[in-house]
Amino acid sequence: DNTATGWGGGINNNDDGTVTIALATITGNSAENGGGINNNDGGTVTVTSSSISANTATGTLGGGGILNNSLGTVTIAATTIGENDSLGGNGGGIHNNSGGTVAVANSTVSGNTATANTGVGDGGGSGGEGGGIFNNASSGSVLLDFVTITGNDQLVVIDLNALQSAGGNINIAGNLTLQSIDMSGLATVGG
């Protein structure tokens with residue numbers, strides 16, 4: 001139950017740093033960006049057999065559970081990412097941004113929420129995409145292998161060669177590789 005006014009409520013990894021997390025629980029943390037974990041500026045984070053839950057990001061980048069930013073690399077295995085919130089940003093569970101790479105295997109991403117900032121009083125709205133996972137910029141890369149993505153909440157737009165979809169689980173604007181994935185409750189729009 002930690003709070004940061006800027007980045008990484010639970011863990012903040014910067015400037016090519018390396019963090020290895022195993023058999024851990026990262027829960028109840030809050031920050032402007034990267035409520036549970038912020039990985040930034042070429043850093044590397046590896047998470048195995050852990051739980052990242054009930055964390056909150058309140059800033060425009062978001063990443064309630066994890067924010068991977070600026071060429072960072074995050075590898076996740078046998079881990080649950082659940083019940084995290086991004087309030088005004090993207091990626092309730094995971095936000096991959098600015099050329100980052102995220103690989104998730106044998107894990108569950110569920111019950112996360114990305115809530116849009118309506119922009120009332122500040123001239124514009126932002127955020128609220130990718131309740132489970134949000135991948136930003138065409139240079140971002142996400143690999144999902146034996147991952148269950150379910151029960152995440154918010155409008156989602158997948159734009160891979162004009163493919164449009166909605167349902168709250170995942171938003172991808174970069175590269176996406178799927179292998180043996182269960183994406184329960186994904187609804188489509190636009191025919």
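**Close-up 1: L71, out in the open.** In this predicted model, L71 counts as exposed because its relative accessibility is 61%, and the cut-off for exposed is over 50%. You'll find L71 in the loop that links β9 (66-68) with β10 (73-77). Most residues other than glycine have a negative phi.

**Close-up 2: F146, a positive phi inside a strand.** F146 is not a glycine either, and its phi is positive, at about 55 degrees. Where does F146 lie? Look in strand β17, which covers residues 141-150.

**Close-up 3: two faces of strand β2.** Which strand is joined to β2 by 5 bridges? That's β6 (residues 44-48), and the two run parallel. Within β6, V45 is the bridge partner of V19.

**Close-up 4: an open sheet of 4 strands.** Read across this sheet and the order is β4-β8-β12-β15, with parallel pairing. At the edges sit β4 (30-31) and β15 (113-115), each of which pairs on one side only. Now zoom in on β8 (residues 56-57) and β12 (residues 85-87): 2 bridges join these parallel strands. Spot A57 and look across to β12, where S86 is its bridge partner.

Note on methods
Residues are numbered from 1 along each chain as its sequence is written. This is a predicted model: local features need pLDDT of at least 70, side-chain atom pairs count only at pLDDT 80 or more; totals for chains, interfaces and linings use all residues. Side-chain values use heavy atoms; hydrogens and water are left out. Buried means under 20% relative accessible area, exposed over 50%, partly exposed in between (1.4 Å probe, protein chains only). Two strands pair if DSSP finds at least two bridges between them.
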